[in-house]
Amino acid sequence: MQVRLLGTVGLIPDDGSFVPVGGPLVRKLFALLAWEPGRTIGYDRLADSIWGDQPPANIANALQTLVKRLRPTLAPEYRIEAVGPGYRLVADADHVDAHRFTRLAAEGTSLLSGGQLSSAATALDAALMLWQGPALADVPCDPVLDFRVTQLNEQRLAAIEARADAYLALGRGTELVDALVAESRANPSRETLAALLIEASAAAQRQTAPTLPVRLTSFVGRDADVERVVELLSEARLLTLTGPGGSGKTSLAIAAATVACSRQDGGCHLIELASIADPGTVGDHILSELGIPTNRDAERWDPLRRLVIGIADRRLLLILDNCEHLRSVPELVIGMLQSCPRVTVLVTSREPLGAAGEVLYSVPPLELPLPRAGRAEALRAPAVQLFLDRARAVRADFTLTDENCAGVCAICHRLDGIPFALELAAARIRVLAVGAILERLDDRFSLLTGFRAAVPRHRTLHAVVAWSWELLSDAERTLIQQLCVFAGGVTLDSAQQVCGDDVTDLLIALVDKSLIEFDGRRYRMLETIRAFAYESLASPDRIAFQRRHADHYLHLVELAEPALRTPAQRSWVPKLAVEHDNIVFALGWAVAARDVDRALRLCGNMIWYWILCGFRAEALIWQRRVLDLVGDEPPVGLAAVYLACSYADRLPEYFELISLGMVRDDTERYCALVTRACGEKRQPHPFFVMLPALRELRRGRPQELESCIDSGDPCLANNSLTRRGLERLVTGQPAAGAADLEAAAVRSRAIGETRALCRILLTLATYRAGAYGTAATRPLLDEAVGLVSSWVGANEVVAVHTWIGQLRAWTGDVTEARTHATEALGRIDSTVRASTVCWLRVVEADIARQTGDREEALSLYRQAITELTALRLAGQPYSHTANGAEVWGRAGYAITLAEAGEYTTAHAEYATARALLDGPGYLEQHAHLGTANAAIALASGHPRLALTIIGGCDTLHTGQPNQYRVPDAQRIVDAAQATLSSDSVHRALTAGHGLTPARLATLQGCAEHPDPAEDPRSRIAS
């Protein structure tokens, strides 16, 4: 609901109706409060304005009565509050038309000063439309309000003058003549208005000369193009607008010519040449259109000579529309320009004329919305604006909503932002929903028809493309058919390898004819042109082209796969990103053609890129399709890529550590596949080899892992060394484990394996934090964050910041913890896993606990644990992240419950967390669980036991008592010291020194044990 002060005072609901505000005194009170929304106005000021020198005996009561009468009229979002001896209206200032007018007028004036004419005109129009009559038209006068109304009226006149300046500069002065006449009559002494009226009238007179057609529809999304074309027309005498059919060249030419002619004397003529079939008759046609006598009986008839005679002394802008099929136009234009110095020619063509002095302006498609744009962002995209404008022309109630936004944006993208195609699609809104239109775009040429009144080549999308197709040579058509199998554009090298070495000249010709775009690196084909060419291909040719295309990109991904584990990763990732659409198109063709070899090799190599960059959903889709095609056994020689298709998505990300739980192998099928792959020419990914070695290590046979560490594969050796370091940390060899991790970090830097290095740095930082405190971790964490490149998937970015946030919260650095948690929250999108979001919620709970907000911490822990438990019990595939988050969250929850005195419930959470540990677990998990156990012991009245457990935690990281203790543990020690002697404290702590994680786990902080058959979710306190 809006407040109206500019006219009859009242309220405007969302449906546009008008709600009056009752009685003159009530209206005056409302106007006074609305004029200063959010500000308290004292009784005396209100009384002076409302009653003047005859105030009531009891001003407070009288004002209260008026307020009571006013309140029922107001919408819920507006409130009148009594503040001391006064009242205020609680409302957004922008909901009051007078304030909104002031803001819009100021914005428009500023935009005008900055040269942004179209935006300035829009803002000023919006400002002036708010005036629905004189300000405060039905409010009794008083000196204060009169002064304010006078100020507003002056601002209004200034806005009218600024708008006139903008319209005149845009060549639209004629639109304001009537309004300026009325304002000049109302303000006869205002000289600026009179001058602007004279200028607008002159512009209107100048615009009677040009012979330009009047548009039947609005011209949307081309303001910047119009300004640029007008600028070029002031500098060049021959300007050619090029672009594919349907891009809006003619509309842009007419719009720009209209503006140009309004700024200078002279005429303007549009000459349509599309209907001219004989190049020899072009001169006659132009003469006829210009009304110049043809004199065909003359002995030596020369159209160019007659044309020069007819226009030599005239200042003229000549638009020659649709010239691409007429080879006589360049010679005619050059002769005309050489002999007629005051003539400017604006040409529209799908290819340049190739004439001397020609300036080219390529008419781009309309700007598209960003992928996954929200409604507000999509509305700013010109392509969406045009679609909505044309859709409303056939269905007035059509709007962009949160529900149809993605579909409308997808239509705009599928149609490349080509205005003609968008107009045809929007016309279908009359009979089809957005989703139905989108579904039918695979057969766009059948769908996009319908402009019966247009010339034949503009009646359907097919006709528009066919016009250009017929103008091509056979060699040009063949190349376009070959190029249509490239889904994401093509480099010159790739085009030569797939289509042949002699394509350069043909590519240049197709770029000139606006059928292919070149951005300085790649050649791209609009989707509509590509669909037309694909449709024209005979089946045998199509299969041959697609096979050559697939082989080209198969070679590319097979080169890339091993390089992604080397320093070359940084150059290969952008290369694969650019070629992603081509690779996926090749894979889709191979699956559809049931080409097992190509499909398996493409997917098995490309999957590493998808996982690296966070495209796990896409990887999963193609995994399923390819494995459904291949079956249960890999073809001979392809066991390695079969392994990748089957298991790559389960391997660790930037923030994860490889663990046995990632691949369940109860039937030993996985190990059999690894053994088979190792015996073939194509070797499996190092992680696949490492998992069986880790399984053997857990069985007490370390030889296989040691062999991996000594292997000649740097990636396998380095990741195996990392795994050995982790195992040593939690099996009583912390110094040796830390040394392995340090060595692995050095190797990772040397071989450029950023994922492994990021994992190692985070692990080392966690180890150092537990041993030495947060200061020892900063260099490692800074380096880890720097490794999260722009192309890394959102899930990995969120998880890296979540890990660091957890580490900072654990060590008491709440400010840094909150910074990383906020960064993680800001990076969440639809690709981030539910388990990662739950982990982040656990970290938020840790932060709340460390800052003393126990209720918030308990609430966040409950929410996270409930969701993590549900994921686990629902049979989701094993997730190292979900497991770690649940263990950590339950331990933190247990600490919080114990501190609140609920030690029985706390022990249930602690017991569940310890049971969930993956294998031997990690040191920080054991330390955190130990702290939870100690908190339970303390809460249940066993301070010596609590100290012994903390003593055990103190020696986990180095084998010796730490000089540093995390805040949770220190609080327990401080509380125990308050009840025990110094000697008792010392003996209790010392008793725990040297306890291994396994021995530490046997110390029970509470005698009560949970029922193993109980649903874990039932133990979450409500």
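Which residue lies over the face of Trp572? In this predicted model, local features require pLDDT of at least 70 and side-chain atom pairs count only at pLDDT 80 or more, whereas totals for chains, interfaces and linings use all residues. Residues are numbered from 1 along each chain as its sequence is written, and side-chain values use heavy atoms, with hydrogens and water left out. The residue over Trp572 is Lys575, at 4.2 Å from the ring centre. A charge is taken to sit over a ring if NZ of Lys or CZ of Arg is within 6 Å of the ring centre and within 35 degrees of the ring normal. The charged end of Arg542 is likewise placed over the ring of Tyr534, 4.4 Å from its centre.

The structure contains 13 aromatic pairs (rings of Phe, Tyr and Trp, the last by its six-membered ring, with centres within 6.5 Å; planes under 30 degrees apart are stacked, over 60 edge-to-face and the rest tilted). Phe445 and Phe532 form an edge-to-face pair, with 5.7 Å centre to centre and 90° between the planes. This pair links distant parts of the chain, 87 residues apart: Phe445 belongs to helix α19 (residues 444-447) and Phe532 to helix α24 (residues 527-536). Helices are DSSP runs (H or I) of at least four residues, and strands (E) of at least two, numbered from the N terminus. Phe445 counts as buried at 9% relative accessibility, and Phe532 is buried at 8% (buried, under 20% relative accessible area; exposed, over 50%; partly exposed in between; 1.4 Å probe, protein chains only). Trp608, Tyr647, Tyr670 and Phe688 make up one aromatic cluster.
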